Amino acid sequence: MSGPLNALFPWAFLVPLAPAIAFVIVGLFGRRMRRLEWGGWVAVGGAFVAMVLGVLIAVGEMLSPGTYTDRSFNWFTLPGNGTGTFPNGFSLVMGTLVDPLSAIMLIVVTVVGFLVMLYSVDYMHRDTGLPRYYAELSLFLASMLGLVLADNLLQFFLFWELVGVCSYFLIGFYYQRPAAASAAKEAFLVTRVGDVLFLGGIYIYFQQFATAGPGLGWAAAGFPFVFHGAPFLTLLHPPNPTLFTLAGLLILGGAAGKSAQFPLDVWLPDAMEGPTTVSALIHAATMVAAGVYLLAVTSVFIGFSATDSFAIVAIGGFTTFWAASMAMVNRDIKRVIAYSTVSQLGYMVLAIGAGFTMVGLYHLFTHAFFKALLFLAAGAVIHAVDTQDLFKMGGLRKTLRITSIGFLIGGLSLAGIPPLAGFFSKDDVLSSVYTAAQTHPMYWPFFVLAFATVFMTAYYIFRVWFLTFSGDRPRDPTLPPAHEAPWTMTVPILILSGLAILAGALVFVPQIGGLFTAGVGFPATPGVPPTYTTTDILLSVVSVGLGAGGILTAYVLWGNGRVFSLAEDSAAQPIRRLLLERYYVKTAVDWFGLRVVYAVSRFLDFVDEYIIDGTVHGFERLFSELSIRLRRLQSGVVLDYAAYVVVGLAVFLVFLYVIVPAIPALGGG
Amino acid sequence: MTGLPLAGFLALSAVLLGIGIFGILTRRNFILLLIAIEVAMNSAILNFVVFGAYWGGVPGYGIEGQSVAVVLIGLAATEVAVGLAIVLALNRLRGSINVAEATVLKL
């Protein structure tokens with residue numbers, strides 16, 4: 001098949017290249033530009049080129065659905081002996097793969113990336129280190145686009161690591177602040193745990209699937225996701241089921257690290273130490289989407305075993321509830337949204353685990369827009385009042401009109417109120433899991449958790465809205481008078497508001513909906529666009545009811561400047577404290593780090609210092625002491641030397657005539 | 001060989017060696033040291049002569065012992081000549097021929 005825009009597909013590599021070039025320009029020359037904002041405009045330009053090209057490619061994919069690969073750049077080949085066992089004769093090819101999955105991600109990443117870049121120009125203008133910021137942001141975007149277009153797992157992994165290191169740089173952008181520096185380290189280390197697991201998974205796939213059958217030509221082709229038009233999955237010779245399951249679990253571990261799923265979720269709320277724009281990018285488009293995308297790509301091209309699927313459902317479903325519960329009590333505007341991201345990512349993971357990969361991507365698609373919107377609106381609030389504490393804000397809807405409306409739309413979308421984007425996708429997730437649970441009874445608890453989360457989601461996001469925008473005046477009178485943000489900040493908010501309203505309904509357009517059927521030659525992935533059977537409608541009504549109930553609860557407790565405070569002797573106090581303390585996970589991690597890791601480290605340090613170094617230094621001291629003493633023998637006095645000769649002779653004679661005859665082994669006796 | 005027994009000659013040789021070594025270990029005057037070395041060396045030469053004489057007349061043996069002794073006497077003379085040259089040089093440089101003071105090879 002060929003469509004009018006197919007000629008663009010071989011040029012897909014330009015999509016990541018444009019921000020990469022912006023990275024090089026800003027990184028090298030940003031400091032020498034007469035005004036530092038110019039670097040920002042270069043970055044915006046790079047993102048703009050990427051967006052235009054990316055969206056055109058996605059449109060081309062919509063017009064002629066299919067899988068297009070370009071594998072013209074062979075990075076290196078390992079020498080082989082013709083047996084085809086990994087890594088014999090393995091090639092690392094850097095290719096681009098344009099297929100429905102990457103088309104969806106291209107739209108999300110380039111659009112959100114461009115809008116965030118545009119927003120950054122004014123949001124960040126007061127900061128120092130601007131060239132660094134724009135360069136890193138461009139590299140972040142370029143890495144994510146490279147990951148999205150990757151055509152094999154190893155290339156995927158390379159960009160995955162680049163995304164990780166960029167997130168480290170950007171979370172630690174205010175590196176002078178200890179909290180930011182430690183949050184960056186935490187993000188890097190926690191995701192690193194996932195990365196190691198992911199690499200293990202890749203190794204198992206390569207090692208298992210290369211050994212026989214069509215693998216012969218296949219290692220040489222660098223294990224592309226799609227080989228001669230057929231997906232990875234169909235090319236496999238039957239793998240060892242245990243190893244196959246293990247590989248799936250390892251991939252899940254990698255995705256959990258990147259997408260902040262339980263138990264690797266601690267880093268994401270702390271990552272709020274970075275600039276708000278970075279949070280928007282991480283949460284909507286670049287960082288955390290990578291984990292979900294990895295699961296989606298793996299499930300489409302390789303597949304998961306039943307055990308893996310259950311593990312994915314369990315982690316996704318539990319994380320959904322777990323993170324939402326912590327979002328309900330936090331008093332930092334950004335952290336609430338951060339928990340919300342973890343929770344929503346749980347929905348995506350849940351849907352993928354339940355076998356509805358494209359439903360997960362659908363939720364990723366809509367979530368990217370309304371989550372970016374929420375973050376940018378929150379950023380505008382923080383920009384205006386210089387605090388992140390919800391309990392100091394209040395009454396801001398009067399001064400921040402556009403921002404408050406943008407946040408409202410994002411909140412409604414997140415809460416799943418029809419006809420906004422979040423309603424369609426979240427409902428689709430719930431009904432998919434419901435469908436899956438019919439045949440897999442083990443999924444029921446996680447369906448219930450996910451369903452209960454709908455109420456909590458609506459509650460926590462509207463708690464934020466009421467605390468920030470409703471009421472007469474800020475609760476903290478010392479807050480600076482707020483002013484609406486400049487156009488570079490409000491325009492992205494307005495565009496994202498539009499997308500947060502429309503993105504969900506867009507899939508009912510046949511061409512766009514077609515993207516969510518996962519292409520030609522692949523196992524059919526049902527679920528998008530949502531169909532509405534009686535059961536589905538019933539589920540929708542209940543979930544919308546729960547969402548509305550959550551909003552109402554938030555209004556009663558926090559609306560119109562009210563501040564709800566739990567009675568000191570309330571039975572709910574311990575729960576509140578548990579949630580505020582993040583279920584003591586952070587405490588446990590710190591305890592583990594301080595007590596166990598530190599103790600082990602100190603023991604190892606002792607071994608290093610006293611046993612290893614001690615041995616080395618011991619020999620050194622032995623010989624230096626010995627030489628100090630033996631040096632005295634070298635007096636220079638001839639008579640002494642004569643004495644040594646005589647003594648030596650005597651010793652030799654004694655040895656020869658007394659000792660040797662006494663020892664049979666030496667020939668005596 | 002007739003007359004005195006072999007052991008007597010060897011005992012004399014051992015005594016000479018002992019005197020020589022004693023002298024080497026105790027004398028600090030370079031000339032006395034040379035004399036002590038000479039004494040010790042002569043005990044070795046004496047041994048050669050004694051064994052040369054002891055085996056004299058036995059078929060298959062010649063006068064190797066006595067010949068070596070003559071060579072060694074020549075050797076001892078050259079050694080003393082070199083030694084005395086060092087003594088002169090040392091005396092000129094340091095004004096003393098006490099070997100305990102000459103502890104460095106280079107001045």
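I started with salt bridges between chain B and chain A and counted zero of them; the rule is a side-chain nitrogen of Lys or Arg within 4 Å of a carboxyl oxygen of Asp or Glu. This is a predicted model, so I kept its limits in view: local features need pLDDT of at least 70, side-chain atom pairs count only at pLDDT 80 or more, and totals for chains, interfaces and linings use all residues. Side-chain values use heavy atoms, without hydrogens and water, residues are numbered from 1 along each chain as its sequence is written, and chains are lettered from A, with ligands numbered from 1, in the order in which they are written.

I found zero residue pairs in polar contact between chain B and chain A, with both at pLDDT 80 or more. Here I need a pair of N or O atoms within 3.5 Å; within protein, one must be able to donate a hydrogen and the other to accept it, and residues adjacent in sequence count only if both atoms are side-chain atoms.

What does touch? With contact taken as heavy atoms within 4.5 Å, I get 10 residues from chain B and seven residues from chain A. The side of chain B that touches chain A splits into seven nonpolar, one polar and two charged residues. My classes: Ala, Val, Leu, Ile, Met, Phe, Trp, Tyr, Cys and Pro are nonpolar, Asp, Glu, Lys and Arg charged, and the others, Gly among them, polar.

Then area. The two chains bury about 650 Å² between them, 79% of it on carbon and sulfur atoms; that is accessible area (1.4 Å probe) lost on being put together, summed over both parts. In chain B, Leu25(B), Val99(B) and Thr103(B) lose the most to chain A, together 55% of what that side buries.

On to rings. I pair Phe, Tyr and Trp (its six-membered ring) if the centres lie within 6.5 Å, calling planes under 30 degrees apart stacked, over 60 edge-to-face and the rest tilted. That gives 37 aromatic pairs over all chains. Trp11(A) and Phe13(A) make a tilted one, 6.0 Å centre to centre with 35 degrees between the planes.

Trp11(A) is partly exposed because its relative accessibility is 46%, and Phe13(A) is partly exposed at 37%.

Phe157(A) and Phe198(A) have centres 5.3 Å apart and planes at 70 degrees, so I logged them as edge-to-face. Phe157(A) is buried at 11%, and Phe198(A) is buried at 0%.

Notes:
Buried means under 20% relative accessible area, exposed over 50%, partly exposed in between (1.4 Å probe, protein chains only).
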